[in-house]
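I set out to record what I looked up in one protein model.

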Amino acid sequence: MVIIRAILGSLILLIDWLTTPRGVKRPAEQQQKINEATQALALYQYKACPFCVKVRRAMKRQSLKVQTFDAKRDDASKQALLAGGGKLKVPCLKIEKEDGSVEWMYESNDIIQYLSKRFA
Ligand SMILES: N[C@@H](CCC(=O)N[C@@H](CS)C(=O)NCC(=O)O)C(=O)O
């Protein structure tokens with residue numbers, strides 16, 4: 001089972017690498033503003049999780065520079081996700097809002113929808 005999972009994971013990463021989407025090109029000023037806004041975001045993820053790959057590809061397509069944390073290999077990230085989000089499930093987008101509150105958004109489709117609404 002572990003071997004099958006490892007093979008599938010490698011395959012997912014290979015296909016992702018071979019078919020990496022191009023990022024949208026924006027005027028420098030607009031991209032700079034978006035880069036500033038995405039500093040308040042962080043993606044907790046596993047490298048080879050298909051749902052995480054889907055979210056990372058959506059970010060790439062939209063040229064969103066979002067910091068990522070590996071909640072499988074990095075114990076501090078795992079603990080941060082558990083403490084903040086409440087469950088060890090990925091992908092999870094941490095959103096720091098202007099009023100100081102923090103939202104932990106689970107579900108790949110919800111994250112993709114949120115990003116495309118906010119940065120379209
Ligand atoms: N419906 C969820 C599925 C996410 C999911 O099943 N993630 C798996 C990793 S691929 C997970 O976090 N499982 C819990 C664990 O590994 O502890 C989504 O689309 O985000």
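The entries below follow in the order in which I made them.

**Basis.** I worked from a predicted model, in which local features need pLDDT of at least 70 and side-chain atom pairs count only at pLDDT 80 or more, while totals for chains, interfaces and linings use all residues. Residues are numbered from 1 along each chain as its sequence is written, and side-chain values use heavy atoms, with hydrogens and water left out.

**Entry 1: helices α1 and α3.** I took helices (H or I, at least four residues) and strands (E, at least two) as DSSP runs, numbered from the N terminus. I looked up how helix α1 (residues 2-18) lies against helix α3 (residues 50-61): their axes come within 11 Å and cross at roughly 15°. That crossing makes α1 roughly parallel to α3. Axes here are lines fitted to C-alpha atoms, for helices over the stretch in contact, and angles run from 0 to 180 degrees between N-to-C directions. Angles under 35 degrees count as roughly parallel, over 145 as roughly antiparallel, 65 to 115 as roughly perpendicular and the rest as oblique.

I then listed the residues in contact (heavy atoms within 4.5 Å). From α1, Ile12, Leu13, Ile15 and Asp16 meet Pro50, Val53, Arg56 and Arg57 of α3. I sorted the residues of this contact into 5 nonpolar, no polar and 3 charged. In this sorting Ala, Val, Leu, Ile, Met, Phe, Trp, Tyr, Cys and Pro count as nonpolar, Asp, Glu, Lys and Arg as charged, and the others, Gly among them, as polar.

**Entry 2: Asp16.** I returned to Asp16, which is part of helix α1. Is Asp16 buried or exposed? I noted a relative accessibility of 14%, so Asp16 counts as buried. Buried means under 20% relative accessible area, exposed over 50%, and partly exposed in between (1.4 Å probe, protein chains only). Leaving aside residues up to four places away in sequence, Asp16 touches Val53, Arg56 and Arg57.

**Entry 3: cysteines.** How many disulfides does the structure hold? I found 0 disulfides, a disulfide being a pair of cysteine sulfur atoms within 2.5 Å. For Cys92, the closest cysteine sulfur is that of Cys52, at 10.0 Å, which is too far for a bond. Cys92 is buried, with a relative accessible area of 0%. Cys49 is also buried, and I noted its relative accessible area as 11%.

**Entry 4: backbone geometry.** I checked the peptide bond from Val90 to Pro91 and found it cis, with omega near 0°. Pro91 sits in the loop between α4 (75-85) and β3 (92-96).

Ser63, a residue other than glycine, has a positive phi, near 55°. Ser63 is in the loop between α3 and β2 (67-70) and is buried, at 17% relative accessible area.

Glu107 is not a glycine either, yet its phi is positive, at about 80°. I placed Glu107 in the loop between β4 (102-106) and α5 (108-119). With a relative accessible area of 42%, Glu107 is partly exposed.

**Entry 5: Gln67.** I located Gln67 in strand β2, where it is partly exposed, with a relative accessible area of 48%. Which residues does Gln67 touch, not counting those up to four places away in sequence? I recorded Leu41, Ala42 and Leu43. Gln67 and Leu43 are 24 residues apart along the chain, and their C-alpha atoms are separated by 6.2 Å.
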